[in-house]
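Take a look at the model below with your viewer open.

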Amino acid sequence: MKKVNADIIRYPVITDKTTKNIENNTYCFNVIKNSNKTEIKKVLEDIFNVKIKKINTLNNPPKTKTVGRFKGKKTQYKKAIIQLHKEYTINLFNEET
């Protein structure tokens with residue numbers, strides 16, 4: 001069996017929409033392209049000590065970016081949308097005072 005690596009999770013996606021979804025216990029993470037749902041689930045449950053209810057993944061297509069007269073592409077990435085059970089939460093924001 002393949003060992004699951006914590007490097008699968010790159011960073012959490014923080015936007016207006018995802019911060020509203022945190023109230024519904026739904027979180028978004030940017031993950032590496034070749035990971036699957038079971039690997040993502042194992043890694044997140046090990047890192048954050050939570051139980052995942054549902055997981056959805058999607059591959060975002062590369063977007064074209066124009067700088068001056070040059071055109072290029074932004075990198076393609078995979079997004080994982082995680083829904084947790086009601087009794088679990090993930091603290092993404094450090095509230096140190």
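Phe48 is partly exposed, at a relative accessible area of 31%; here buried means under 20% relative accessible area, exposed over 50%, and partly exposed in between, with a 1.4 Å probe and protein chains only. Phe29, on the other hand, counts as buried at 1% relative accessibility. Keep in mind that this is a predicted model, where local features need pLDDT of at least 70, side-chain atom pairs count only at pLDDT 80 or more, and totals for chains, interfaces and linings use all residues. Numbering runs from 1 along each chain as its sequence is written, and side-chain values use heavy atoms, with hydrogens and water left out.

The structure holds one aromatic pair. It is formed by Phe29 and Phe48, which sit 6.0 Å centre to centre with 35 degrees between the planes, making the pair tilted. For the cut-offs: rings of Phe, Tyr and Trp (its six-membered ring) pair if their centres lie within 6.5 Å, and planes under 30 degrees apart are stacked, over 60 edge-to-face, the rest tilted. Phe29 lies in strand S2 and Phe48 in helix H2 (residues 37-48), so the pair ties together parts 19 residues apart in sequence. Helices (H or I, at least four residues) and strands (E, at least two) are DSSP runs, numbered from the N terminus.

Step along S2 and you get to Asn30, which is buried at a relative accessible area of 2%. What is Asn30 in contact with, leaving aside its neighbours within four places in sequence? Its partners are Ile8, Ile9, Arg10, Tyr11, Val13, Tyr77 and Lys78, where contact means heavy atoms within 4.5 Å.

Now for the strand pairing. S2 (residues 26-31) pairs with S6 (residues 77-84) in the antiparallel sense over six bridges; two strands pair if DSSP finds at least two bridges between them. Within this pairing, Tyr27 has Ile82 in S6 as its bridge partner. S6 is also joined to S3 (residues 52-60), again antiparallel, by eight bridges, and there Lys54 is bridged to Gln83 of S6.

Zooming out, the protein chain has two helices and six strands, in the order β-α-β-α-β-β-β-β from the N terminus. Its C-alpha atoms fill a box of roughly 50 × 40 × 25 Å along the principal axes. Of the 97 residues, 27% are buried. Among contacts with a separation of 6 or more, 60% come from residues 24 or more positions apart.
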